[in-house]
Amino acid sequence: MARSRRRVFGIMFLVVTLATMACLISGPGDTNRLNQQAYWACVTATPIPTEQFLVGTTTPPAVSTGTPVPTGEPIYGYTTPVPTETPYYRVGDFYEGQKVYANGIAFTLTGHDSQAQPGGEGTYHYFTWQIGNQAGGEGSVVPISQLVFVREVRQSSGVLLTGRWVNSNNALLHGGYPVIEDSEQAPMSLGESRIYTVGMLLPEGSATVVGLATDWERPAEGGVPVWFHLEGDPIFCPYGSASDAPPPTPHVLNDYYGGGDSGSGSAVWPATGSITSGFGCRPSVTGISSPGCPPDYEFHNGLDIANSTGTAVVAPVSGLVTYAGVATTGPDCSNLGGSHPPHLGYGNFVQISGANGQTHILAHLQTVIVGPGQSVSSGQAVGTMNSTGCSSGSHLHWSCYAGGLPIDPAEC
């Protein structure tokens, strides 16, 4: 069936506007924010930059009756090349040992340790950071004790405790670590690097992610945090973090709206359940509006199939798995009710390249049981359903691209 469609470049992992540089604290009245895109780069043989795609524009041609009056600027998204033996950038969530850059400052979570508290009322946790002033300006001050926090602790019973746990001098003294509140206020010269340990008293249980606040003028919210997982990167980077990595290279594609050809209709449904959201414009669940849609609506580039956690997800077509794992870009949906970690974008997802130029994406998975480079057959199990990433409940997000254009998966 022919339908009117609009082209949206790239997978809508992350929608951002370009930001201008601001320095870290260096004196009263300065802007106390990390307002640039945080990123990490993997070192390998041939440079491949992260690309900045034009997700849409606020000045599109009319594509249907009732197109809203356009205002504002283009909207961009970032995409990271498929991690293989070639370099790639990660934005969004990060992992231990990665040198993450923001506003010219390099943040590396180098280690995590814990000690039982006498009396058994909780556990002392210690997060060690290496902070380097790469290009943040002479005399930058990085108040790391104010930036690091933990939001969630999962108890052995499975109960998830939420709060905001921050640096505790008592925890540092108990562990034999120096109190850092005075030393961290000393300005850092260009090229200087320091090591600090932040201590916290957490409830009994496991903390798997630590946050780095990006706006320490608002201690309750902290802006949109940068998240560090307390484990190594599940995607293998053979040569480690890049030093002095430049920001992701912008590459703006031409604005284009058009119709994608319908698919062959031969794809099998990847899961059982109820369709809770169709292809096209829908009320925004991320707070981001898409051009060409009504105000407060976003373009949904797929179908949502809802069912219980653990429901089997199968390959809709035969093809090659080009990605299987954690989303490295996308809106941070940790504050979205029902979202399970990893909270970024598609959460856990699988991407399959099939015949006739089709690409299928299966997102918000609980488990992934296939790997990149693996051939799969139509109907073969690739994972199980959950609510990871930008999701408010257990479901499968299924996208289909044909020739680079998103089309209704029901027509694939």
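## The pair of Cys400 and Cys412

How many Å apart are the sulfur atoms of Cys400 and Cys412, which form a disulfide? In this predicted model, the sulfur atoms of Cys400 and Cys412 are 2.0 Å apart, and the two residues form a disulfide. The torsion about the S-S bond of this pair is about -100 degrees, so the disulfide is left-handed. Because Cys400 lies in strand E24 and Cys412 in the segment after strand E25 (405-407), the link ties together parts that are 12 residues apart in sequence.

Are Cys400 and Cys412 buried or exposed? Both residues are buried.

## The pair of Cys333 and Cys390

The structure holds 2 disulfides, and Cys333 and Cys390 also form such a link, with their sulfur atoms 2.0 Å apart. Here the angle about the S-S bond is 85 degrees, and the link of Cys333 and Cys390 is right-handed. This pair links distant parts of the chain, since Cys333 is found in the loop between strand E19 (319-326) and strand E20 (348-354), while Cys390 is found in the loop between strand E23 (381-385) and strand E24 (395-402), with 57 residues separating the two cysteines.

The relative accessible area of Cys333 is 5%, so this residue counts as buried, under the cut-off of 20%. Cys390, with a relative accessible area of 14%, is likewise buried.

Definitions and conventions: Residues are numbered from 1 along each chain as its sequence is written. This is a predicted model: local features need pLDDT of at least 70, side-chain atom pairs count only at pLDDT 80 or more; totals for chains, interfaces and linings use all residues. Side-chain values use heavy atoms; hydrogens and water are left out. A disulfide is a pair of cysteine sulfur atoms within 2.5 Å. Helices (H or I, at least four residues) and strands (E, at least two) are DSSP runs, numbered from the N terminus. Buried means under 20% relative accessible area, exposed over 50%, partly exposed in between (1.4 Å probe, protein chains only).
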